[in-house]
Amino acid sequence: IKRFPEAIYFKTSRRMAVVSSLKNVTDIQKTFKRHRFFGTLNFLLKNRLGILNINLGNEGNKLINTNENFDQLKRIIKKYKNLILKNSRREERNYKIYLNKIFGNSKKNFAISDQGFFGSVQNSIEKILNLKIFGLYLACAHQSKKKNFFKIGFYNYPKSYFKSLNHISETFLTAPEGTYLYHNGKKFVKDK
């Protein structure tokens, strides 16, 4: 009798995993090289990086576009790096509570299946837990020689409808729950 692997719905998001794995300024900058940002400084700090109790006044309405001005982002990261990294340590500690329930001390092999692109969730969890995980993705933005990275389908992702209409699939995949922002040690906090 062939047995299928045990499957679970793994509650996570790129935001939750990436913010929890930030260790230094280079890590922060690297995430924006791969996952661009366009929005206000308020949204960047509060939603994307988890800095909740900060009053930026009018400066918070300043538009940030990492595709057009990465140096602007570097100045922001330098200014707020201590708050960003302090929050990252807190989110990592709380996220590990959930991760340890899923991965624990098990000797099993794990695979994450997702729509893909860069494997950010997988890479972040591997970094946090010092664990190797297999990745099974619908689409990938680039080829990788990593042994634990399997890619299936949508081979021409950069020119595909899957890329240009990604916002529709993201909305479908997060409905009706909303995107998970972080774990507060007891429960998940979700976006609308």
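Modeller: The lining of the second largest pocket has two nonpolar, six polar and four charged residues. The model is a predicted one. The pocket's volume is about 350 Å³. Its lining includes Val 18, Ser 21 and Leu 22. Asp 27, Lys 30, Thr 31, Arg 34 and His 35 also line the pocket. Ser 120, Asn 123, Ser 124 and Lys 127 are in the lining too. The elements that give two or more residues are helix 1 (14-21), helix 2 (25-34) and helix 5 (120-129).

Two lining residues, Asp 27 and Lys 127, pair up. They form a salt bridge, with the closest N and O atoms 2.6 Å apart. Lys 127 sits in helix 5 and Asp 27 in helix 2, so the pair links parts of the chain 100 residues apart. Asp 27 counts as buried at 15% relative accessibility. Lys 127 is partly exposed at 39%.

Now helix 1. Arg 15 meets Glu 91 in a salt bridge, 2.6 Å from N to O. Glu 91 lies in helix 4 (residues 70-103) and Arg 15 in helix 1, so this pair ties together parts 76 residues apart in sequence. Both ends are buried: Glu 91 at 1% relative accessibility, Arg 15 at 11%.

Helix 4 also holds Glu 92 and Lys 96, four residues apart, about one helical turn. Their salt bridge has its closest N and O atoms 4.0 Å apart. Glu 92 is buried at 12%, whereas Lys 96 is partly exposed at 29%. Shared partners join Lys 23, Glu 92 and Lys 96 into one salt-bridge network. The whole structure has six salt bridges.

Terms used
Residues are numbered from 1 along each chain as its sequence is written. This is a predicted model: local features need pLDDT of at least 70, side-chain atom pairs count only at pLDDT 80 or more; totals for chains, interfaces and linings use all residues. Side-chain values use heavy atoms; hydrogens and water are left out. On a 1 Å grid over the protein atoms alone, a cavity is a set of points where a 1.4 Å probe fits but cannot get out, and a pocket is an open set with protein on both sides within 12 Å along at least five of seven lines; lining residues have an atom within 4 Å of a point. Grid points are joined across faces, edges and corners, and a volume is the space filled by probe spheres set on the points. Ala, Val, Leu, Ile, Met, Phe, Trp, Tyr, Cys and Pro count as nonpolar, Asp, Glu, Lys and Arg as charged, and the others, Gly among them, as polar. A salt bridge is a side-chain nitrogen of Lys or Arg within 4 Å of a carboxyl oxygen of Asp or Glu. Buried means under 20% relative accessible area, exposed over 50%, partly exposed in between (1.4 Å probe, protein chains only).
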